[in-house]
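Please walk through this structure step by step. Explain what its loops, helices, strands and chain contact look like.

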Amino acid sequence: MSLTHQDVARIARLSRIAVTDAEIEAVGSQLNNILGLIEQMQAVNTDGIEPMAHPQDVSLRLREDAVTEPNRRDACQAVAPQVEKGLFLVPKVIE
Amino acid sequence: MINATLKQLSQQLTAGQVSAVELATAYLDRIDALNPALNAFITVDRDKTLAEALAADARRAAGQAGLLTGVPIAHKDIFCQQGWKTSCGSKMLDNFISPYSAHVIEQCQAAGLVTLGRANMDEFAMGSSNENSFYGAVKNPWDVNAIPGGSSGGSAAAVAARLAPVATATDTGGSIRQPASHCGVTGIKPTYGVVSRFGMVAYASSLDQGGVMAQTAEDCALMLNVMAGFDERDSTSLERTCEDYTRDLAQPLAGLRVGLPREYFADGLAGDVGRIIDNAVAELKKLGAEVVEVSLPNTQLSIPAYYVIAPAEASANLSRFDGVRYGHRADEYKDLVEMYEKSRAEGFGSEVKRRIMVGTYVLSHGYYDAYYIKAQKIRRLIANDFAAAFAGCDVILGPVAPTAAFNLGEKSGDPVQMYLSDIYTLSVNLAGLPAMSVPAGFADNGRPVGLQIIGNYFGEAKMLNVAHQFQQVTDWHSKAPAL
């Protein structure tokens with residue numbers, strides 16, 4: 001299968017990456033090449049094989065529900081693009 | 001001094017023959033002289049480095065020095081380090097001064113290692129040539145027309161050019177072993193879960209693993225003693241008792257069973273690289289190793305499986321770069337979605353965008369089973385292949401890459417060609433095994449070639465033993481480029 005320009009635009013939107021009309025042809029063709037490579041997997045029979053998520057098959061640890069981190073808000077917000085009174089500012093989302 | 005190993009530097013510091021400040025100054029001067037041509041470092045900060053060196057000397061004077069206190073180190077720009085720009089090779093983080101330090105950095109600082117600077121890398125560790133860095137490609141110190149390998153190309157080039165005696169690095173699909181091979185240095189990627197990922201900017205979390213590069217296997221063992229260990233802040237860090245990774249270095253290799261996977265010596269392996277690996281195996285035989293043929297039949301499938309799993313995890317991990325809490329934000333936008341889309345379009349380079357989009361696609365509704373679950377099943381098949389092979393051998397040997405370093409620009413226009421060159425390294429990450437690259441010779445074009453040593457789970461000490469014994473009877477690791 002091959003991605004259409006419409007498919008590429010949808011993937012870009014889902015990825016929250018702006019892709020211009022001028023770029024879409026090149027991006028689409030590179031994605032199609034990569035998907036062609038990935039397609040090799042379909043030739044292999046994997047019936048009954050358990051998917052492997054972690055090399056040691058360990059499950060996630062639980063910890064005590066305790067406060068372990070100090071409040072470092074100012075240090076963490078020093079690298080933020082726009083803050084005010086300890087809040088991260090973004091464009092208005094609710095009219 | 002510039003060619004000294006960590007072990008030698010440690011001895012000189014202990015004997016008072018050199019101070020941490022003198023050492024740091026010597027390396028900083030060399031970086032000033034050579035980095036403009038090599039581009040191995042993104043950030044160098046003489047004042048910060050000398051402050052660390054002074055503190056190391058004070059610690060030694062107070063009788064509180066450890067083995068590596070005062071030894072200089074370069075850190076891959078992927079490890080968050082408080083007060084230092086941590087760019088991960090990306091415009092997205094060009095303005096990011098980390099407010100905290102990674103576990104690996106904390107461990108190095110506790111040991112008294114002195115930060116020389118922040119090593120260049122492919123953007124977000126995505127790449128096999130270091131051409132994907134926002135800060136420009138790193139040049140191979142052996143030949144400035146060659147790629148240094150990636151993604152830890154700055155780390156490898158720095159150690160090869162003797163701009164640093166040791167450098168931290170990370171390996172998601174070969175990013176320690178392949179640049180180590182291409183630059184003629186020794187590199188180790190430990191078993192998944194041995195080195196904490198806390199504060200290491202995430203690419204593909206189920207594959208990412210921190211490690212180190214140096215001139216010798218012995219130096220790598222000393223560094224692993226510093227870097228490894230349980231950290232509760234990494235959810236996949238393994239709770240194991242601490243090991244001394246130097247403990248088996250001196251063991252003789254008589255009776256060692258060395259597995260050669262026939263798939264690693266098939267079509268696609270360059271003749272000169274194959275001969276170098278054959279010679280290395282012959283050296284080990286002289287030391288008493290027995291050679292057995294093994295098979296890793298699903299090797300070819302590691303490429304599609306990796307290029308599903310890694311982009312899928314990357315698309316999730318890199319969703320945090322939204323221009324809200326840190327990182328690049330576009331100047332102009334009309335609403336929140338456009339702010340995200342423009343900030344990410346401007347902040348990410350083309351390979352990172354490609355992988356995010358591939359990952360988004362394979363995880364999208366209706367495709368998850370066909371791609372991601374399928375890839376994870378193949379991952380199991382690959383791990384099973386290794387388990388079967390290790391039933392008959394102690395370590396597996398082979399090439400790291402099909403050829404010596406290719407030319408800058410040779411593959412940068414064709415992502416799939418670049419991906420195919422990862423054939424001998426990806427399986428190890430998918431299975432979560434430890435592996436090394438050890439200098440083993442020079443290709444017909446004069447560029448270095450590494451021998452890959454793959455160990456069983458937690459087989460780091462065994463691999464380091466094999467590498468160290470190999471380095472006792474060869475001198476490839478002590479060769480340095482003329483600069």
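In chain B, the loop between strand E3 (114-119) and helix H5 (153-160) holds B:Ser151. The model is a predicted one, and in it the peptide bond that joins B:Gly150 and B:Ser151 is cis, with omega at about 10°. Most residues other than glycine have a negative phi, and most peptide bonds are trans.

Two residues can be set beside the remark about phi. B:Asn39 is not a glycine, although its phi is positive, at about 60°. B:Asn39 sits in the loop between helix H2 (20-38) and strand E1 (41-43) of chain B. Is B:Asn39 buried or exposed? B:Asn39 counts as buried because it has 20 C-beta neighbours inside 10 Å, and the cut-off for a buried residue is 20 or more. A:Arg16 also has a positive phi, about 55°, although it is not a glycine. The place of A:Arg16 is the loop between H1 and H2 of chain A. A:Arg16 has 21 C-beta neighbours inside 10 Å, so it counts as buried.

Two packed helices are described by the angle between their axes and the distance between the axes. For H1(A) and H2(A), the axes come within 10 Å and cross at roughly 90°. H1(A) is therefore roughly perpendicular to H2(A). Which residues meet there? From H1(A) they are A:His5, A:Val8 and A:Ala9, and from H2(A) they are A:Ile24, A:Val27, A:Gly28 and A:Leu31. By class, the contact of H1(A) with H2(A) has five nonpolar, two polar and no charged residues.

Further along chain A, A:Gln42 belongs to the loop between H2 and H3. A:Gln42 is exposed because it has 11 other C-beta atoms within 10 Å, and a residue counts as exposed at 12 or fewer. A:Gln42 and A:Val67 are 25 residues apart along the chain, and 47 Å separates their C-alpha atoms.

Chain A also touches chain B. In this contact, 39 residues come from chain A and 56 residues from chain B. On the side of chain A that touches chain B, the elements that give two or more residues are helix H1 (5-15), helix H2 (21-38) and helix H3 (73-77) of chain A. H2(A) provides the largest share of that side, with six residues. The residues of the side of chain A that touches chain B comprise 27 nonpolar, seven polar and five charged.

Chain B has a helix pair of its own to look at. Helix H9 (residues 302-317) and helix H11 (residues 350-362) of chain B have axes that come within 7 Å and cross at roughly 95°. H9(B) is therefore roughly perpendicular to H11(B). H9(B) brings B:Val308, B:Pro311, B:Ala312, B:Ala314 and B:Ser315 to the meeting, and H11(B) brings B:Arg355, B:Ile356, B:Val358, B:Gly359, B:Thr360 and B:Val362. The contact of H9(B) with H11(B) divides into seven nonpolar, three polar and one charged residues.

The nonpolar core comes next. Among the 170 residues of the largest nonpolar core, B:Ala158 and B:Ile453 touch the most other members. H9(B) gives the largest share of this core, nine residues. With neighbours within four places in sequence left aside, the contacts of B:Ala158 are B:Ala40, B:Phe41, B:Ala74, B:Ala119, B:Leu163, B:Ala164 and B:Ala167.

Strand E5 (residues 186-189) of chain B has B:Thr186 and B:Ile188 pointing one way and B:Gly187 and B:Lys189 the other way, and all are buried. E5(B) and strand E6 (residues 210-214) of chain B run antiparallel and are joined by three bridges. B:Thr186 has B:Ala214 as its bridge partner in E6(B). E5(B) is also joined by three bridges to strand E10 (residues 435-442) of chain B, and these two run antiparallel. In E10(B), B:Ser437 stands opposite B:Gly187.

B:Arg447 is buried because it has 22 other C-beta atoms within 10 Å. B:Arg447 and B:Gly184 are 263 residues apart along the chain, while their C-alpha atoms are separated by 8.2 Å. Leaving aside neighbours within four places in sequence, B:Arg447 has contacts that include B:Trp142, B:Asp143, B:His182 and B:Phe442.

Key:
Residues are numbered from 1 along each chain as its sequence is written. Chains are lettered from A and ligands numbered from 1 in the order in which they are written. This is a predicted model: local features need pLDDT of at least 70, side-chain atom pairs count only at pLDDT 80 or more; totals for chains, interfaces and linings use all residues. Two residues are in contact if their C-beta atoms, placed from the backbone, lie within 7 Å. Helices (H or I, at least four residues) and strands (E, at least two) are DSSP runs, numbered from the N terminus. Ala, Val, Leu, Ile, Met, Phe, Trp, Tyr, Cys and Pro count as nonpolar, Asp, Glu, Lys and Arg as charged, and the others, Gly among them, as polar. Axes are lines fitted to C-alpha atoms, for helices over the stretch in contact, and angles run from 0 to 180 degrees between N-to-C directions. Angles under 35 degrees count as roughly parallel, over 145 as roughly antiparallel, 65 to 115 as roughly perpendicular and the rest as oblique. Two strands pair if DSSP finds at least two bridges between them. A nonpolar core is a set of buried Ala, Val, Leu, Ile, Met, Phe, Trp, Tyr and Cys residues joined through C-beta atoms within 7 Å.
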